[in-house]
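Here are my notes for a colleague who is opening this entry without having seen it before. Please read them beside the structure.

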Amino acid sequence: MRSSQFRFYGQLNDFLPPALRQRTVCYRYSGSPGLRDAIQSQGVPHTEVELVLVDGVALGFDFNLSGGERVSVYPRFKAFELQAGRLGPAPLTVPRFILDVHLGKLCRYLRLLGFDTAYGNDFEDSHIIDRSLAERRIILTRDLGILKQVRVQYGYFIRATDPDCQIEEVLQAFELMARCRPLSRCINCNGEVEQVAKSQVASRLPDGTRRSYQLFYQCRTCGQVYWRGAHYARLMQKLARLRLSP
Ligand SMILES: [Zn+2]
């Protein structure tokens with residue numbers, strides 16, 4: 001049996017048992033595991049890791065441990081500011097997402113704020129990974145099993161369980177506040193939404209809405225009509241609070 005000393009930094013500690021957080025731990029193994037396997041077998045998905053130093057030298061996930069090394073593992077600090085030479089794929093310039101089947105409410109929030117978000121309550125893991133790679137979408141999930149798959153390049157583990165907290169977490173983790181474009185994307189189908197004349201949609205509106213609102217928006221794909229109603233107002237209040245928070 002061999003061993004190496006591991007230290008995980010920052011939010012990577014979220015994935016460790018409480019007793020092993022914020023300290024150097026002895027990782028025991030047989031054979032000569034690669035860094036990716038060694039890190040993931042301790043609970044941390046490789047998608048969360050930006051930099052690994054082995055005895056002070058930055059190395060890739062394919063480096064094999066042989067015993068006695070000191071390994072420092074650092075998290076991704078900002079998803080859109082990955083530095084050259086760091087682990088992981090090329091940085092994304094446009095935030096696009098694909099969500100696992102349990103994150104339907106988060107999907108609605110992201111679309112309401114204008115983010116291109118793929119979601120289906122029947123998406124298999126393999127489909128989510130394939131589309132993430134083909135369309136350069138970040139996988140958002142609370143399923144560590146997906147993120148630990150070697151094929152996954154862009155992934156983020158959602159810590160929060162409440163959708164109201166999840167949207168805050170995503171906006172902050174990816175620094176998306178300035179990129180929010182409310183009412184630019186359809187909540188139902190992810191299509192693009194554009195402003196339309198009231199006369200074009202008036203016949204489809206409830207009486208109260210027709211009397212109270214003047215600005216209307218419509219999905220180019222499915223035809224869904226939107227206006228700045230109570231739900232929209234609540235979301236804007238939430239955003240305003242986030243902007244004010246440190
Ligand atoms: Zn639509």
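The points below take up the metal site, a pocket and some strand pairing.

1. Please keep in mind throughout that this is a predicted model, and that the values quoted here are computed from it.

2. The zinc ion has as its protein donors the SG atoms of Cys186, Cys189, Cys219 and Cys222, which lie 2.3 Å from the ion. Because the four donor atoms subtend angles of 99 to 119° around the zinc ion, the arrangement is tetrahedral. For comparison, the ideal angle for four tetrahedral donors is 109.5 degrees.

3. Along the chain, the donors of the zinc ion follow the spacing C-x2-C-x29-C-x2-C. Cys186 belongs to the loop between α5 (163–173) and β10 (193–196), whereas Cys219 sits in strand β11 (residues 216–219), so this pair ties together parts that are 33 residues apart in sequence. Cys186 and Cys219 are both buried.

4. The second largest pocket, with a volume of about 150 Å³, has a lining that includes Leu112, Leu183, Ile187, Trp227 and His231. At least two lining residues come from each of β12 (225–226) and α8 (230–244). Sorted by class, the lining comprises seven nonpolar and three polar residues, with no charged ones.

5. Strand β1 (residues 2–8) pairs with strand β2 (residues 25–29) in the antiparallel sense over five bridges, and within this pairing Ser4 has Tyr27 of β2 as its bridge partner. Strand β1 also runs parallel to strand β5 (residues 70–75), to which four bridges join it; here Phe8 stands opposite Val73 in β5.

Definitions and conventions
Residues numbered from 1 in each chain as written. Predicted model: local features only at pLDDT ≥ 70, side-chain atom pairs only at ≥ 80, totals over all residues. Heavy atoms only, no water. 1 Å grid on protein atoms, 1.4 Å probe; cavity = no way out; pocket = protein on both sides within 12 Å on 5 of 7 lines; lining within 4 Å. Points joined across faces, edges and corners; volume = space filled by probe spheres on them. Nonpolar A, V, L, I, M, F, W, Y, C, P; charged D, E, K, R; others polar. Pairing = 2+ DSSP bridges. Donors = N, O, S within 2.8 Å, 3.2 Å for Na, K, Ca; no water. Tetrahedral: all angles 85-135°; square planar, octahedral: opposite > 155°, others 65-115°. Buried < 20%, exposed > 50% of the residue type's maximum accessible area, 1.4 Å probe, protein only.
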